[in-house]
Amino acid sequence: MFTKSQLHLAKTFIKIYYRDRQSLAFSLMFPLIFTGIFLFSGGEPDPTDIGLVNQSQNELSIRFVELVKEKDIFAVTEGSEADLREQLIKGDLTALIIIPIDFNQSNTGRLRLLLDASQVRQVDAIRDSLDSLLLSIERELRDTQPLFKLELEDVKARPQRYIDFLLPGILAYMLMNLCIAGSGYNLVEYRRRGILKRLFVTPIKPKDFIISIVLARMFIVIIQLSVILALAIGLLKINVLGGLYSLFGVIVLGAFIFLCIGFFLGSLAKTQEAIRPIALLFTLPQLILSGIFFPISSLPMLIQPIAQALPLSVIASSMRAIANDGASLFAIHFNLIGIVAWMFVSFFIATKFFDWQKVAS
Amino acid sequence: MGIIKATNLEKHYPNPENPLVTFAAVNDVSLDIEPEEIFGLLGPNGAGKTTTLEMIEGLTSIDKGNVFIDDIDVRKQPYAVKKIIGVQLQSNEYFDRLNLSDLLLLFASLYATSIDPKALLAKVNLENKIKAKPDDLSGGQKQRFSIACALVNNPKILFLDEPTTGLDPQAKRNLWNLAKTLNAEGMTIVLTTHNMEEAEYLCDRIAIMDQGSIIAQDTPQQLILDYAPEPPEIPLRGNIEDVFLALTGHGLRD
């Protein structure tokens, strides 16, 4: 299947990488820092810091304070209005609830909510949960049963934390970056130093060179991602519901796509300085648009179809479907069509633009 | 019958100042190099020596003309040609973190052949550097290693592009001796240089290039008879380099 020359060259690339102790150490650092961060936060976003001023101190207000404190999403600080107001302005608190002296049943109690409007995303959540808190206190006091009750039920019936959502996307994003650095950056460097020219003095063909780098980098990337995955499963208790074979199958196909795109970008870039902005132009929009940190469905409607077609999107959503939902390769056949399409496109542009006579000179 | 036959080679590049106009880096160059000779391409910088060499080696595309090496058409079968030639380039950088042995084995694998790195390094006097990295070598050692790399496929023809540029006199003489030894074993050698002494000492025949064209071609002796001015009345005994070598000795300094 592979020639001896291709395998020897691939082995050499792996040897070069393995002997580069510094980059080896740094490539292990990222997954360690990543798991460290989530290990401390338990994989959940931090509770929102709010201040509470109880000016009334009657039975009703004390009951209200108790109920607020029970909520996991809040970290409550009590104190005087002046103190807490200062903390709010400094940004230590996101909101400040003031229970006025006249907070009682007869006065259909009014709460004051002081906010830092720049924290837009949290403001809505705070208001909603305060509203529902007030409603439940009201019912308790009036001793009425709620007319409607909302029961949250996860249709997929499995514990889903933010970290579970995040991990497959992060893996896909790392896969993309490692591959583009592995083929694109190296290609530019080997060309600049005249190493490519030296290689093409010998009877190897451009195809042999591309196959060797792809083989070597695939091997390296799979090891790197395995380390991260092992840390995530071992330390962060990530649930990978689907088969690991399917997951690594997608990783291998993704590595192929991004390595080919790396070759293409490396052929476009004429200098070592140019490859960085060119690579960023490719990777940065995908970091935002490919549903790595938040779902694509939260993007504006117009952008969604484009976002879904991006190579990182098809890889990340396939990996997420396998890891989070336990999907089989067959179940994600729609994504697989996208992956195969990108494999053809990326291989075509890689071989079309990799002109060794130009690249080597 | 020549082992290298180049006829009417041309290479045009866009002019860097005005890309719409091209200039001829190589213009109507024809060469007929005999087996087992040492042939020198001489000329000032930018004369087109390297471009000519790279067209013959199949490294640069040929705009016009033909090259046959050992009766193989370079334009039609560049890979067949690359199998029987060895090339030393002007720049000799290699992959990082590989030692001389790793690199020689790598190059050998690209020719799908096997070698004994130690024996090959002994040939160029580097057998005790087998575990060294190219960056640890001196200029002369680097050049000799680069020749070792060009020998992994036991080539019929060896191309050397300015092999002694930047070397001290000892290293230069050492490299000349290596070239002579390889030639005596039956290897055809084609080299470029702008060192006249090198051309005179080493080459059986010389072609002098300027501005993309060959302006003279013959044996060094004949070229001297044809073009050199009359000698001065009292000739000096040798030159400063002979003095330098007599005082510092011929031993290699690296």
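Start by selecting domain 1 and domain 2 of chain A: their centres, taken over C-alpha atoms, are 46 Å apart. Domain 1 covers 29-41 + 161-360 and domain 2 covers 48-142, with bounds from an automatic or database domain assignment. Bear in mind that this is a predicted model, where local features need pLDDT of at least 70, side-chain atom pairs count only at pLDDT 80 or more, and totals for chains, interfaces and linings use all residues. Residues are numbered from 1 along each chain as its sequence is written, while chains are lettered from A and ligands numbered from 1 in the order in which they are written.

Next, colour chain A by secondary structure: you get 14 helices and four strands, taken as DSSP runs numbered from the N terminus (helices H or I, at least four residues; strands E, at least two).

Now pick α9(A), residues 244-268, and α12(A), residues 311-325. Their axes sit 9 Å apart at about 170 degrees (lines fitted to C-alpha atoms over the stretch in contact, with angles from 0 to 180 degrees between N-to-C directions). The pair is therefore roughly antiparallel, the word for angles over 145 degrees. Show the side chains at the contact, among them Val250(A) and Ile257(A) from α9(A) and Ile315(A) and Met319(A) from α12(A); contact here puts C-beta atoms, placed from the backbone, within 7 Å.

Last stop: 33% of the 361 residues of chain A count as buried, with 20 or more other C-beta atoms within 10 Å of their own.

Technical notes: Angles under 35 degrees count as roughly parallel, over 145 as roughly antiparallel, 65 to 115 as roughly perpendicular and the rest as oblique. Two residues are in contact if their C-beta atoms, placed from the backbone, lie within 7 Å. A residue is buried if 20 or more other C-beta atoms lie within 10 Å of its own, exposed if 12 or fewer, and partly exposed in between; C-beta atoms are placed from the backbone.
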